[in-house]
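Visitor: Please show me the structure, and let me ask on what grounds each term is applied to it.

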Amino acid sequence: MESLNTIPFLSSQKLKTLWLLAVVVGVIGVAEGRNGRNWYESQYNGREYSAISCRAHSASITDFGGVGDGKTLNTRAFREAVNHLSQYAAHGGAELFVPAGKWLTGSFNLTSHFTLFLHKDAVLLASQDINTWPVVQPLPSYGHGRDTSGGRYISLIFGSNLVDVVITGNNGTIDGQGALWWQQFHSKKLKYTRPYLIEIMHSDQIQISNLTLVNSPTWNVHPVYSSNIIIQGLTILAPVKSPNTDGINPDSCTNVRLEDNYIVSGDDCVAVKSGWDEYGIKYGMPTRQLIIRRLTCISPYSAAIALGSEMSGGIEDVRASDITAVNTESGVRIKTAVGRGGYVKGIYVKGMRAHAMKWVFRISGDYGSHPDNNFDPKAIPAVTGINFRDVVADNVMMAGRMEGISGHPFTGICMSNVTIGMAKNGKKSAWDCADIQGVVSGVVPPPCELLHSQGPVKTGMCDLPAGNLEIDNMEMDFQKCYNGLHY
């Protein structure tokens with residue numbers, strides 16, 4: 001098989017083959033969790049699936065002139081379909097069904113009380129005609145594009161100020177056809193920041209589930225300024241050298257649950273964010289009450305879970321469990337810098353398995369770029385209450401590299417029941433620490449002296465908080481939906 005490191009562009013089938021091989025050799029140990037939660041069953045005379053809401057009205061994209069031949073541009077059909085179905089928002093909502101086929105399209109917006117449902121053999125293909133992509137303003141909490149100083153191309157699937165939106169299917173595919181965008185990025189020919197595959201803004205009650213996302217131009221899924229979000233059962237695939245193809249990036253969001261997601265990425269598999277420097281401080285909207293469960297990540301140049309670096313609005317109460325990272329640069333990484341301001345606090349990681357990793361724990365108080373030169377050098381980020389429990393890793397180059405900010409140490413770091421097997425060519429010193437404070441129990445190899453040992457593993461030390469977050473209660477609200485239309 002060709003190497004992920006050498007192929008500039010991978011087909012969905014090649015990436016899926018890689019992922020399936022990983023399952024066979026046992027590196028993706030939580031695959032059973034996804035199969036056991038396969039809530040979506042395709043039937044000849046209808047579809048049965050679980051969603052936060054069922055819909056009273058349905059239509060197919062073919063009803064609006066859509067042609068799934070991979071060549072006909074369907075942007076107008078999708079826009080007209082959503083516009084037509086929006087009339088049912090107050091009358092039981094509506095579902096747009098995308099049948100088997102290859103549906104070439106540009107960007108289109110969603111509406112409230114709406115479901116976009118992809119057949120298992122449906123593929124949405126993002127248009128590669130860059131000139132047809134609308135341009136929108138930078139996010140107010142960023143003040144600046146990520147690729148350029150100006151605006152940004154709107155996402156392929158976009159929605160703002162919505163309530164009750166479901167994007168799901170029988171594991172249908174959304175293909176961003178990102179190779180053109182990556183080439184434009186590397187050659188510095190972009191006028192604006194690349195589009196995401198899915199972005200939902202200023203919205204509430206969002207479900208994104210049971211889809212395969214491949215070859216995004218940049219970030220795959222970006223909920224921002226939103227609440228009550230469930231993202232589950234996604235397979236997200238991109239070449240590991242593709243630029244900035246983060247998997248899922250909750251950004252200034254509250255009450256989010258990420259479950260049973262499988263990500264091969266050129267950047268962080270999950271990146272938690274809340275705004276950039278003075279813009280994020282001014283906007284002041286944290287990401288909080290976030291659950292990450294049963295995540296599997298392959299990302300040789302980035303982290304399974306990253307916090308930051310754009311964290312100026314604050315990040316708090318993040319609970320991650322059952323994390324598997326294979327050939328990934330770091331397990332959990334906190335990225336921040338002078339000028340960011342904000343905080344990262346109340347972070348809990350329990351049950352992480354890792355194989356072939358540069359660092360298991362990575363904390364950086366000097367992480368990079370600023371949107372402009374107007375950041376406040378007195379805006380010092382606070383990092384405190386960072387907890388790790390029940391971590392097992394092998395073939396690791398360095399157990400941890402954790403560096404705070406001189407004169408402003410990162411505090412409250414807690415580790416318990418951690419066993420790290422070093423690679424044969426690993427660093428002589430397993431730990432590198434500066435400007436941090438914390439405690440450990442039952443950690444092998446013994447950590448740096450700034451993390452004070454409490455002896456053997458202590459029951460309950462560094463553990464997840466008791467009780468559920470509010471987003472867990474949305475499980476009770478899921479309904480079994482059935483649509484009997486004949487397609």
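Visitor: Which residue in strand 30 does M415 stand opposite?

Guide: M415 stands opposite V440 in strand 30. This is a predicted model, in which local features need pLDDT of at least 70 and side-chain atom pairs count only at pLDDT 80 or more, whereas totals for chains, interfaces and linings use all residues. Residues are numbered from 1 along each chain as its sequence is written, and side-chain values use heavy atoms, with hydrogens and water left out.

Visitor: Why are strand 7 and strand 18 said to stand at the edges?

Guide: Four strands form an open, parallel sheet in the order 7-12-15-18. Strand 7 (108–109) and strand 18 (221–224) each have a single partner strand, so one side of each is left without a neighbour in the sheet. Strand 7 pairs with strand 12 (residues 157–160) over two bridges, and F108 has I157 as its bridge partner.

Visitor: Why is G169 called buried?

Guide: Buried means under 20% relative accessible area, exposed means over 50%, and partly exposed lies in between (1.4 Å probe, protein chains only). G169, in strand 13, has 0%, so G169 counts as buried. Over the chain, buried residues make up 60% of the 487 residues.

Visitor: What makes a set of residues a nonpolar core?

Guide: The set must consist of buried Ala, Val, Leu, Ile, Met, Phe, Trp, Tyr and Cys residues joined through side-chain atoms within 4.5 Å. The largest such core has 96 residues, and I157, I174, I292, F361, M415 and W431 have the most contacts inside it. Strand 26 (residues 343–364) gives the most to this core, with nine residues. Apart from it lies another core of 13 residues, among them F117, L469, I471 and F478.

Visitor: How do you know that R194 and D147 form a salt bridge?

Guide: A salt bridge is a side-chain nitrogen of Lys or Arg within 4 Å of a carboxyl oxygen of Asp or Glu. For R194 and D147 the N to O distance is 2.8 Å, so the pair qualifies. The two are 47 residues apart, R194 lying in the loop between helix 4 and strand 15, and D147 in the loop between strand 10 and strand 11. R194 is buried at 1%, whereas D147 is partly exposed at 23%.

Visitor: Why is the link of C414 and C462 called a left-handed disulfide?

Guide: A disulfide is a pair of cysteine sulfur atoms within 2.5 Å. The sulfur atoms of C414 and C462 are 1.9 Å apart, so this pair qualifies. The torsion about the S-S bond is about -70°, so the disulfide is left-handed. C414 lies in strand 28 and C462 in the loop between strand 31 and strand 32, so the pair ties together parts that are 48 residues apart in sequence. C414 is buried at 9%, and C462 is buried at 7%.

Visitor: What handedness has the link of C269 and C297?

Guide: The link is right-handed, with 75° about the S-S bond, and the sulfur atoms are 2.1 Å apart. Both cysteines are buried. The count comes to four disulfides.

Terms used:
Two strands pair if DSSP finds at least two bridges between them.
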